[in-house]
Amino acid sequence: MAIVHKIFSHEVFPDQRLPIAGEQIEVVADVAPHSHAFFEIVVVLDGHGTHLSATGETPLQRDSVVVLRPGQWHGYARCDGLVVRNAYLGANILGFLSEALIHSETPHPPDHAHPAVQHAMRLLEAGAGEPWTLTRLAGEVNVAPGYLVRLFGRTAGVSPMAYLNKLRAERAAGLLIETDLPIAAIGAMVGWHDPSHASRRFHASFGLSPSRYRRDFRPSGQTQSPSGELDGSAGEAE
């Protein structure tokens, strides 16, 4: 199944402290069902098409608007000159706005990302399934572990390991929607080799167990795995 553009938060928001982005896209072919870990607002600028989601098929034309919450799958079909403008908002956007309002009287410019943080982010994004530790990551970017934690907090607002868990959860969500792989296999692919641990981590990110996420957001009619299992067979904890 084709993987579509920009599914993960780190691909959409270069600065994780400012989870707001946008882009204009000409949809020249069908877009396979997929989900995002962020809010998406779609405004149709031109052309026609059909929007696919859990609620069914919706015709699109100029000035149509689609609003999608994190984890909600969607796709496009039968597109003819369809041009859309997408606005992306991080799942934590409400908390971000509240914080901005509280501190609006004493604004301060954000810190620029330290090269070590940029390097660490790229390493984690390229190898999210690897057995990372804070010590190993700090060694790879040539800074002390405690210093890397402080730098990461200033840039991304989270620790390096929390950032890694977010990456793993987002990739697991995409695989749950787009593949027929058992949940245990998906967990191992993203770096969570214990099924119970994987379920807890996923639930912490999305508020749903992997099996519930797949049942709720997997497009209807999509085939199951050869074993007929959608929720894996390795004892996932609900």
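Contact is taken here as heavy atoms within 4.5 Å. The model is a predicted one, in which local features need pLDDT of at least 70 and side-chain atom pairs count only at pLDDT 80 or more, while totals for chains, interfaces and linings use all residues. Residues are numbered from 1 along each chain as its sequence is written, and side-chain values use heavy atoms, with hydrogens and water left out. Helices (H or I, at least four residues) and strands (E, at least two) are DSSP runs numbered from the N terminus. Accessibility was computed with a 1.4 Å probe on protein chains only, and residues are called buried under 20% relative accessible area, exposed over 50% and partly exposed in between.

Valine 141 is located in the loop between H4 and H5. With a relative accessible area of 8%, valine 141 is buried. When neighbours within four places in sequence are set aside, its contacts are Ala116, His119, Ala120, Leu123 and Leu148. The C-alpha atoms of valine 141 and proline 115 are 8.7 Å apart, at a sequence separation of 26 residues. Asparagine 142 belongs to the loop between helix H4 (134-140) and helix H5 (145-156). Asparagine 142 is exposed, at a relative accessible area of 70%, whereas valine 141 is buried.

Backbone angles were examined next. Most residues other than glycine have a negative phi. Asparagine 142 has a positive phi, near 65°, and is not a glycine. Arginine 78, also a residue other than glycine, has a positive phi of about 50°. Arginine 78 is placed in strand S6 (residues 74-90). A positive phi, near 110°, is also found at glycine 191, which follows H7.

Side chains of opposite charge can pair when their charged atoms come close. Salt bridges were assigned where a side-chain nitrogen of Lys or Arg is within 4 Å of a carboxyl oxygen of Asp or Glu. The search of the whole structure gives four salt bridges. One of them joins the side chains of arginine 78 and glutamate 57, with an N to O distance of 2.6 Å. Because arginine 78 is in strand S6 and glutamate 57 in strand S4 (residues 56-60), this pair ties together parts that are 21 residues apart in sequence. Arginine 78 counts as exposed at 52% relative accessibility, and glutamate 57 counts as exposed at 55%.

A salt bridge with an N to O distance of 2.6 Å is also formed by the side chains of arginine 136 and glutamate 130. Arginine 136 is partly exposed, with a relative accessible area of 31%; glutamate 130 is partly exposed as well, at 33%. For lysine 166 and glutamate 170, the side chains meet in a salt bridge at 3.9 Å, N to O. Lysine 166 and glutamate 170 are four residues apart in helix H6, so about one helical turn separates them. Lysine 166 is partly exposed at a relative accessible area of 26%, whereas glutamate 170 counts as buried at 5% relative accessibility.

In H7, the residues Ile183, Ile186, Gly187 and Val190 are buried. They lie on the same side of H7, because they cover an arc of only 100° around the axis, the arc being that of the directions from the helix axis to the C-beta atoms. The buried residues of H7 pack against H6, H8 and helix H9 (210-217).

Grid points are joined across faces, edges and corners, and a volume is the space filled by probe spheres set on the points. The volume of the largest cavity is about 60 Å³. Its lining consists of Ala172, Leu176, Ile183, Ile186, Gly187, Trp192, Ala198, Phe202 and Pro210. At least two lining residues come from each of helix H6 (160-178), helix H7 (183-190) and helix H8 (195-206). H7 gives the most, with three residues. By class, the lining holds eight nonpolar residues, one polar and no charged, where Ala, Val, Leu, Ile, Met, Phe, Trp, Tyr, Cys and Pro count as nonpolar, Asp, Glu, Lys and Arg as charged, and the others, Gly among them, as polar.

Conventions:
1 Å grid on protein atoms, 1.4 Å probe; cavity = no way out; pocket = protein on both sides within 12 Å on 5 of 7 lines; lining within 4 Å.
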